[in-house]
Amino acid sequence: MAATERDEISGQATTGHEWDGIKELDNPLPRWWLMIMYACIVWSVVYWVLYPAWPLVSGYTKGVFGYSSRAELAADIAAANDARKIFADRIAEADMATIQADPKLMEFALAGGKSAFGDNCAGCHGSAAQGGKGYPNLSDDDWLWGGSLEAIQATIKYGIRSGHDETRESEMPAFGRDDLLEKEQITQVAQYALSLSGKATDAVAVNRGAPIYAEQCVDCHGKKGEGNREFGAPSLADAIWLFGNDPKSVEAIVTNSRKGVMPHWQGRLPDTTIKQLAIFIHALGGGE
């Protein structure tokens, strides 16, 4: 049998392993460490006996206590729903003004609306309701169909071109695609439309586009481009343009029209949730 190699300084036996002149000593594990390890082993055995632990072919071991995290979660959810139902019932019965006047109801409505917005609306309008190209910003004061609580609630309920019987519906002709205007006329009327918000780049085209605008556009957008909520016609006199305010973007709109769709949420979300959504959106800062 080979003699045990020992470290020259400590006298401790080595394992025979050496790296860069450093030898590994064959020290026993600390007693405190071993005690903790043995305690963990005992604890795991006790846990396996008392609680669900091992998967089986058609289920799992139930344990002596028969504990179920799913059952506990279901009980917690039921308790939370019971607590929410008190406020939800009050919101369902109250009108908007009553909710706004009650701090507790208002707090509950805003919390529920924020949650519903994140689940159902943020995908298009953004997590902060900031919108994007083709998707309206809900935190400013520019509203095609009105920014009152009732108007917002109606828009959420019925949607825009959603197919609902009471949907918000607006129809802008495709002046180029349907050969209602020639390409040159489209350029001219686009320049005139841009001039209403100080964005025109061609003064000659603006002058030539004025009579075209008066003939084709004024009934919906107004003489000064102020828009018309009755038709869902946007203002052309402000700095807010849903699809861009550069000449090419405006010409594309006049040529092909724009017909964005917002789904209706009536029948998809409870009326109480729709009311909470309207209150939350109205409170973002742009509501009237």
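The model is predicted: local features need pLDDT of at least 70, side-chain atom pairs count only at pLDDT 80 or more, and totals for chains, interfaces and linings use all residues. Residues are numbered from 1 along each chain as its sequence is written, and side-chain values use heavy atoms, with hydrogens and water left out.

**Helix H6**

- Nine of the ten residues of helix H6 (residues 149-158) are buried, so the rest of the structure largely encloses this helix.
- Buried means under 20% relative accessible area, exposed over 50%, and partly exposed in between (1.4 Å probe, protein chains only).
- Helices (H or I, at least four residues) and strands (E, at least two) are DSSP runs, numbered from the N terminus.
- The buried set is Leu149, Ala151, Ile152, Gln153, Ala154, Thr155, Ile156, Lys157 and Tyr158.
- These buried residues pack against helix H3 (96-101) and helix H11 (271-282).

**Lys275 in H11**

- Lys275 is found in helix H11.
- Lys275 is buried, with a relative accessible area of 11%.
- Leaving aside neighbours within four places in sequence, Lys275 is in contact (heavy atoms within 4.5 Å) with Ile91, Ala92, Ala94, Met96, Ile99 and Gln153.
- Lys275 and Ile156 are 119 residues apart along the chain, and their C-alpha atoms are separated by 9.0 Å.

**H4 against H11**

- Helix H4 (residues 103-120) and H11 pack at an angle of about 95°, with their axes 7 Å apart.
- H4 is therefore roughly perpendicular to H11.
- Angles of 65 to 115 degrees count as roughly perpendicular, under 35 as roughly parallel, over 145 as roughly antiparallel, and the rest as oblique.
- Axes are lines fitted to C-alpha atoms, for helices over the stretch in contact, and angles run from 0 to 180 degrees between N-to-C directions.
- Residues making the contact include Met106, Phe108 and Phe117 of H4 and Leu277, Ile279 and Phe280 of H11.

**Two domains**

- The domain assignment, automatic or from a database, gives domain 1 (71-166 + 263-282) and domain 2 (183-256).
- The C-alpha centres of the two domains lie 34 Å apart.
- Twelve residues of domain 1 are in contact with eleven residues of domain 2.
- Domain 1 and domain 2 bury about 870 Å² between them, 60% of it on carbon and sulfur atoms.
- Buried area is the accessible area (1.4 Å probe) that two parts lose on being put together, summed over both.
- In domain 1, Asp142, Leu144 and Trp145 lose the most area to domain 2, together 50% of what that side buries.
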